[in-house]
Amino acid sequence: MKSKKMNAKKLARLGLLTALALIIYIVELRLPDIAPIPGMKLGLANIVTVCALFTFSPKETALILYARIILGSIFASNPSAILYSISGGTLCLVGMALLRKHFSKKSIWLCSVYGAALHNIGQTAAAVFIMRTTAVLAYLPILIFFACISGALTGLTAQFIILRTNKKY
Amino acid sequence: MKTKRILFILAAAVFLISGIISVYLLFLRPKPEKVRITSDGETLYVLEPAREEDRLITVEYEGRENVIEIKDGRVHMLKADCPDHICIETGWLDNGLPIICLPNRLVIEYEDGRTDAAAG
Ligand SMILES: [Zn+2]
């Protein structure tokens, strides 16, 4: 009886976080591109992924992530970009889940840096596969460089949220 | 504790190295003479913009069109049927970064042998 109640509560929290991630994602879609580079985004929705990973389990974080990617692709101007999102998102999540135990709550930002870099590596790998050319690799260094910065920023934001809300939300 | 330090140093190294490579690709890399245009993995043109007449090249992919312009020995994407127009915003091809239209699977890049071997 009690565990069922907990599940409903948890489900509501996961749903709420998914909605939040989706809103952030859609807002970011409407913002102008920071550079004319395929795949270069601030990745603000990553704030939710990092928060979820350090609060719930990797499986539950994956639920939020994939729900956001699938729902988000409906709002994106280019629905075929979902393949890049899934590839990048999966590598980012798997990497951060494996590294999570090495980071304290005060170094969440560093975990997020790895996540952001892996996200871009995953996206680029999908692009190489889909485009059948290695030309896209030329963008990888610049994408990783800016992913380190944006990953640190989104990670710091997530860290701030987690430290301020000691309870699980 | 020790792993955390290693992970910090590794991230810092990745940040610095990717920055240095980016600067090289953007500003320092010598420009090869030939340019390769690839659609959906297949090479359509290998040309030398410096020796080309000013002209437009239209490439179609699944009914969507990209118009490439060669002008004064330089190349850029003039028009594109893609949703994001990133390829147009990239501007002229004048550094180590290729012009890429992901939705229409079109690539305009400098030809430097590396791509030759990889295209296989
Ligand atoms: Zn395009």
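**View 1. A:Thr49 sits in helix 2 (residues 46-53) of chain A.** Helices here are DSSP runs of H or I with at least four residues, numbered from the N terminus. Welcome to a predicted model, where local features need pLDDT of at least 70, side-chain atom pairs count only at pLDDT 80 or more, and totals for chains, interfaces and linings use all residues. Residues are numbered from 1 along each chain as its sequence is written. With a relative accessible area of 7%, A:Thr49 is buried, a word that means under 20% relative accessible area (1.4 Å probe, protein chains only). Leaving aside residues up to four places away in sequence, A:Thr49 touches A:Thr61, A:Leu65, A:Leu93 and A:Met96; contact means heavy atoms within 4.5 Å.

**View 2. A:Phe103 lies in the loop between helix 4 (82-99) and helix 5 (108-131) of chain A.** This residue, A:Phe103, counts as buried because its relative accessibility is 7%. Beyond residues up to four places away in sequence, the contacts of A:Phe103 include A:Phe54 and A:Tyr114 in chain A, along with B:Lys4 and B:Leu7.

**View 3. Here 32 residues of chain A meet 34 residues of chain B in contact.** In chain A, A:Tyr114, A:Met131 and A:Tyr139 lose the most area to chain B, together 19% of what that side buries. Buried area is the accessible area (1.4 Å probe) that two parts lose on being put together, summed over both.

**View 4. A:Arg132 forms a salt bridge with B:Asp40.** Their closest N and O atoms are 3.3 Å apart; a salt bridge needs a side-chain nitrogen of Lys or Arg within 4 Å of a carboxyl oxygen of Asp or Glu. The count between chain A and chain B is 1 salt bridge.

Note on methods. Chains are lettered from A and ligands numbered from 1 in the order in which they are written. Side-chain values use heavy atoms; hydrogens and water are left out. Helices (H or I, at least four residues) and strands (E, at least two) are DSSP runs, numbered from the N terminus. Buried means under 20% relative accessible area, exposed over 50%, partly exposed in between (1.4 Å probe, protein chains only).
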